[in-house]
Amino acid sequence: NHDLTKEILELILNIKISKLTAVVSQRSLKFTPFDHGVRLDVFVEDTNQVRYDIEMQTTDEPEIGKRSRYYHSMIDLDSIESGTKYSDLKKSYVIFICKNTPSAFKVNLPVYTFHSKCDEDEKVDLKDEQTTVVLNASGPREGLRPELDHFLDYLSENVVADPLSTRLEAEVESARSSAIWRTEYMTFKMKLDEAYESGVEEGVEKGIARIITYMYSQGKTVDEIVKDTGCAYEDVMRITQEGNTSEE
């Protein structure tokens with residue numbers, strides 16, 4: 001969901017972002033068979049070619065710093081070609097959303113933001129344009145922006161308290177519903193396929209028609225049934241129309 005992803009990124013980073021051009025879940029980055037590749041939970045790119053990696057961390061990761069370093073390097077490798085100038089490298093953000101305080105940090109904060117600074121004078125920025133942010137849903141909330149506080153409440157306790165968490169909950173329920181329907185359909189479809197392999201083609205077609213008719217009667221739209229079952233749009237439309245005609 002591009003709109004929700006954009007809003008969450010703007011909330012976490014406290015910046016305005018241009019239109020997103022890519023939101024890809026489980027993006028794999030591996031450049032040779034000998035590399036230790038990575039699988040990014042959610043890879044995002046905007047119209048300015050700024051790249052974002054969002055990682056959901058439900059268990060503790062003591063090496064979160066080195067993971068961030070490696071993810072940044074893989075994102076950079078993915079964005080440049082031979083002969084590209086260093087100045088062509090775009091900004092990159094690696095964001096970890098954690099359920100609990102990472103053991104890698106001795107201080108319990110709700111948000112940890114890391115840039116490359118000079119040890120001798122923190123006013124001197126390396127300007128490598130790499131930023132790592134760690135969000136801690138169980139951290140203290142004093143002085144936190146209200147909208148970020150609500151987001152952390154949703155992550156930690158599933159509290160729906162504002163427009164963003166309301167839309168997030170609706171999206172989660174939709175995804176969960178689709179997953180359940182897909183699992184139920186695929187289980188039934190496997191049994192129908194077995195029957196098909198035995199030569200009972202007519203029974204398979206009737207079985208598929210029955211499950212589509214049932215899904216439609218439960219309030220699923222034609223588009224949702226197509227998405228959940230993988231059946232052709234024309235077939236689903238025909239079956240649902242035939243069901244309505246028979247009822248009349």
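**Ground rules**

I'm working on a predicted model, where local features need pLDDT of at least 70, side-chain atom pairs count only at pLDDT 80 or more, and totals for chains, interfaces and linings use all residues. Numbering starts from 1 along each chain as its sequence is written, and side-chain values use heavy atoms, with hydrogens and water left out.

**Overall layout**

I counted 7 helices and 6 strands in the protein chain; these are DSSP runs (helices H or I with at least four residues, strands E with at least two), numbered from the N terminus. Along the sequence I read the pattern α-β-β-β-α-β-β-β-α-α-α-α-α.

Of the 248 residues in the protein chain, 34% are buried. For that label I take under 20% relative accessible area, with exposed over 50% and partly exposed in between, using a 1.4 Å probe and protein chains only. The accessible surface comes to about 15500 Å², and carbon and sulfur atoms own 51% of that; the areas come from the Shrake-Rupley method with a 1.4 Å probe, and for residues only the protein chains shown count as cover.

I also checked contacts (heavy atoms within 4.5 Å). Among those in the protein chain with a separation of 6 or more, 54% are between residues 24 or more positions apart.

**The sheet**

In what order do the 6 strands sit in the sheet? I get 1-2-3-4-6-5, in an open sheet with mixed pairing; two strands pair if DSSP finds at least two bridges between them. Strand 1 and strand 5 (111-114) are the edges, each pairing on one side only. On average, neighbouring strands are turned by 20° against each other, direction ignored. Axes here are lines fitted to C-alpha atoms, for helices over the stretch in contact, and angles run from 0 to 180 degrees between N-to-C directions.

I then went through the pairings:

- Strand 1 (residues 20-29) and strand 2 are antiparallel over 8 bridges, and Leu29 stands opposite Val38 in strand 2.
- Strand 2 and strand 3 run antiparallel with 4 bridges; Val42 faces Ile54 in strand 3, and Val44 stands opposite Tyr52 in strand 3.
- Strand 4 and strand 6 run parallel, joined by 7 bridges, with Val94 and Thr132 as bridge partners.
- Strand 5 and strand 6 are antiparallel, with 4 bridges.

Strand 2 and strand 3 make a hairpin with 4 residues between them, and Gln49 in the turn has a positive phi of about 65°.

Why do I call strand 2 (residues 38-46) largely enclosed by the rest of the structure? Because 7 of its 9 residues are buried. Strand 6 is mostly covered too, with 6 of its 7 residues buried.

Helix 3 (residues 146-157) lies across strand 4, strand 5 and strand 6, at about 60° to strand 6.

**Rings**

A search of the whole structure gave me 4 aromatic pairs. The rule: rings of Phe, Tyr and Trp (its six-membered ring) pair if their centres lie within 6.5 Å; planes under 30 degrees apart count as stacked, over 60 as edge-to-face and the rest as tilted.

Tyr52 and Tyr93 have ring centres 5.3 Å apart and planes at 10°, so I log them as stacked. Tyr52 and Tyr93 are both buried.

Phe105 and Tyr112 have centres 4.5 Å apart and planes at 35°, so that pair goes down as tilted. Phe105 is buried at 19% relative accessible area, and Tyr112 is buried at 6%. Ring pairs join Phe105, Tyr112 and Phe114 into a cluster.

I found Arg27 over the face of Phe43, at 4.5 Å from the ring centre; the test wants NZ of Lys or CZ of Arg within 6 Å of the ring centre and within 35 degrees of the ring normal.

**Glu169**

Is Glu169 buried or exposed? It counts as buried, at 18% relative accessibility. Glu169 lies in helix 4 (residues 163-197) and touches Tyr154, Asn158 and Val160, leaving aside residues up to four places away in sequence.
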